[in-house]
Amino acid sequence: MAPTPPRRPPIQQTGPHTPVRPALPAAARTGDLPSVHHTLICVALPCLAVSPEHGQLTGQGLEGVYQSGRRLLSRSHLRVAGREPVAVQGRLVSADRAGFIAVVRSPADIGPDPEIAVERSRDADGTERITLRSSAARPLRLPVELALGTDLADLGAVAAGRAGPELPASVYDSGLRWSAADSPAQGAHAVVTADPPPHDTLASAGLLRWEVELQPGASRTIELRVRSDRPVRSAARTGSQPLPEAHAEGDDTRLQDMLRTSLGDLRALLLRDPAHPSEVWLAAGVPWRCGPAPAEAMWAARMALPLSTRLASATLRTFARSQCVGSGPDFGRIPGALRDAGPHLPPSCTGVEATLAFPAVLAEAWRWGMPEQDLMELLPAAERCLHWLRQAARVDGLLPEPGPSGVLRAETQAHAHRAALLGADLLEASGRPGAESWRDWAQALRHRFREAFWIDDRAGGRPATARTPGGRLAPHLGGGAAHLLDTGLLGGGSLAPGLLDKVQTEQLARLLGSPALDSGWGLRSLGAKEPGHNPFGHRAGAVRVHETAVAVTGLAAAGYEREAASLLRGLLDASTAFGHRLPEMYAGEQRTAGSVPVPHPAACRPAALAAAAGIQLLTTLAGIRPDAPARTVALHPMRCAPLGAVQISGLRVAGEPFGVRISRLGLGMVEEAADWLQLGV
């Protein structure tokens, strides 16, 4: 019998041209990935450091310093005065740096109070500062030892428990060097140097030693640097920043913490295309998905449009280069991996989702003020995406999944409908033919969808999740239905029509707000009463942050603010519980008095879509709908003002500063805008 495929996406290494479906090592295919929730992950891709809360790197699990998917350092164990420091605090200081505080008691200490504090600051690139502070009333002479080691293993091998033994070290400069001459990492090496240089180096044990003298009240610092044979620089730390600073203030002070953390995580997840170093795009998440994920990268760039269109432009250019342009049925499609679709459906193709996302993201970026030059450069790729859609759709307009199943997913129809309408908007504005044809196609799809996917029942009905080629409907309701409410932005602050009619939309809003789907912490990916529900199933009942944010925006836009506000508050409360760094998903357990959200052990954290959700939620609160080509912006704030008064600054429309204030009465006011920008309806 063939092995069961993993429910987690395959681990991907950084690089713009990674194979579409890179395989995990065999031992990882059971889905038994090590838990990362209780680790502190510092990120500045392609570098990351995974540390336990006590700060000592022991080589267990995923612990270590990584560069481009290679573990350069797996062990960094500190002893002071012959003792292991007692950890008292470990926390993320920023997205790319963690701080640890420990204390050491020496044999000469009198009483219960330690007199030596040890502060460690570890950067994503492996740079570490170890500071010893003395509160003793007498001079101290302390032996300090640091035991280092590495296996130079690939991240996938580490995750599978197949990292291999530590490699022998050799003395090098002011530290140690490891080389992988006879291992799977053949040719790789890592170097750790120290400042000040150690007084003694024992290569056979990977040991660096110092004798540190501390006067009363004084401190001494040792700095370590880790490097490989292939020096790299983080995209977030080089070149101009595509995600500028923004601020949120208001009655709910958590908004600024959420926005600050979201921005930090998004910057940390930026990757640069080596072949086109001026362009960056977002990795899907750390530690499992650090490679190209076109659909997630495009959706995250779309959610970040209120900050800048530069990220969207670079992301679209990056994946336009991977578009199929040869003859055949794949012409115009953007490649993507298969993704688990839950217990009731075969895997879905993220390439289809990315292909349909491309014209929609381009159209909305244009409304937010994408430069005309960027638009015209990317428009041919969008037209190729539309060409693929026309060729891949059935005669009745419905779009099947590629492959032998031919299943028709409701979510895919929503993406296709949005692509058609927003693509028509682009074609018309640029003087290209075909706009009216696409609007007619979308109208026909609406009629067909309402006939083919709506299930009538005594409770008011529901949209089917999918339809087989033979006409059998999958009635299992989950968070993916929220995409039916994500219709897309058109001109003049208006939204595109959706696949559902008014009565069906009202019923879907009621279902999304029901306890079966609203867990109190966000939207479940599969309803609690549905067969196959699993609160830890990432498409079978877990809360997915992206789907919840899409539901909040869609419900608010459709006028169902009570349901939107409940999901919004739940997501914000979950964000607070996770230290404002939301994972891509967490367990869909029902919220009760005094409970906290339950982590998913294998969720990416940080994750691009979860981080970008913080920006989208703020934009939804204010209801910002720009139309930069028409020089207008409309405000449609949530009238119920679910978080009280809110002020947002640092946003951008057509590259110009934009700020807005929402009162406790739900009234919106533009605080800052370009002189040429007029307030629309």
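Two strands are said to pair if DSSP finds at least two bridges between them. Helices (H or I, at least four residues) and strands (E, at least two) are DSSP runs, numbered from the N terminus. The structure is a predicted model, in which local features need pLDDT of at least 70 and side-chain atom pairs count only at pLDDT 80 or more, while totals for chains, interfaces and linings use all residues. Residues are numbered from 1 along each chain as its sequence is written, and side-chain values use heavy atoms, with hydrogens and water left out.

Strand E33 (residues 656-662) and strand E34 run antiparallel and are joined by 4 bridges. Within this pair, glycine 659 stands opposite glutamate 672 of E34. Both strands belong to an open sheet of 4 strands with antiparallel pairing, whose order is E18-E32-E33-E34. Strand E18 (247-250) and strand E34 (668-672) form the edges, each pairing on one side only. From one strand to the next, the twist averages 25 degrees. Helix H2 (residues 254-268) packs on this sheet and touches E18 and strand E32 (646-653); contact here means heavy atoms within 4.5 Å. The direction of H2 makes about 170 degrees with that of E18, where angles run from 0 to 180 degrees between N-to-C directions and axes are lines fitted to C-alpha atoms, for helices over the stretch in contact.

Helix H2 also meets helix H11. Two packed helices are described by the angle between their axes and the distance between the axes. The axes of H2 and H11 come within 11 Å and cross at roughly 70 degrees. The two helices are therefore roughly perpendicular to each other (angles under 35 degrees count as roughly parallel, over 145 as roughly antiparallel, 65 to 115 as roughly perpendicular and the rest as oblique). The crossing of H2 and H11 is left-handed, a term used if the near helix is turned anticlockwise from the far one by less than a right angle. Arg254, Leu255 and Met258 of H2 make the contact with Leu572, Asp573, Ser575 and Thr576 of H11. By class, this contact has 3 nonpolar, 2 polar and 2 charged residues (Ala, Val, Leu, Ile, Met, Phe, Trp, Tyr, Cys and Pro count as nonpolar, Asp, Glu, Lys and Arg as charged, and the others, Gly among them, as polar).

Leucine 572 lies in helix H11 (residues 561-577). With 2% relative accessibility, leucine 572 counts as buried (under 20% relative accessible area, with a 1.4 Å probe and protein chains only). Not counting residues up to four places away in sequence, leucine 572 touches Asp252, Arg254, Leu255, Met258 and Leu643. Between leucine 572 and glycine 522, which are 50 residues apart in sequence, the C-alpha to C-alpha distance is 9.1 Å.

A further helix pair is formed by H5 (residues 350-367) and H7 (residues 410-429), whose axes come within 8 Å and cross at roughly 40 degrees. H5 and H7 are therefore oblique to each other, and their crossing is left-handed.

Antiparallel pairing also links strand E12 (residues 169-172) to strand E13 (residues 175-179), over 4 bridges. Tyrosine 172 stands opposite glycine 175 of E13. The hairpin of E12 and E13 has 2 residues between the strands, and in this hairpin aspartate 173 takes a positive phi near 55 degrees. E13 pairs in the antiparallel sense with strand E14 (residues 189-195) as well, over 5 bridges. There, arginine 177 has valine 191 of E14 as its bridge partner.

Conventions: Buried < 20%, exposed > 50% of the residue type's maximum accessible area, 1.4 Å probe, protein only.
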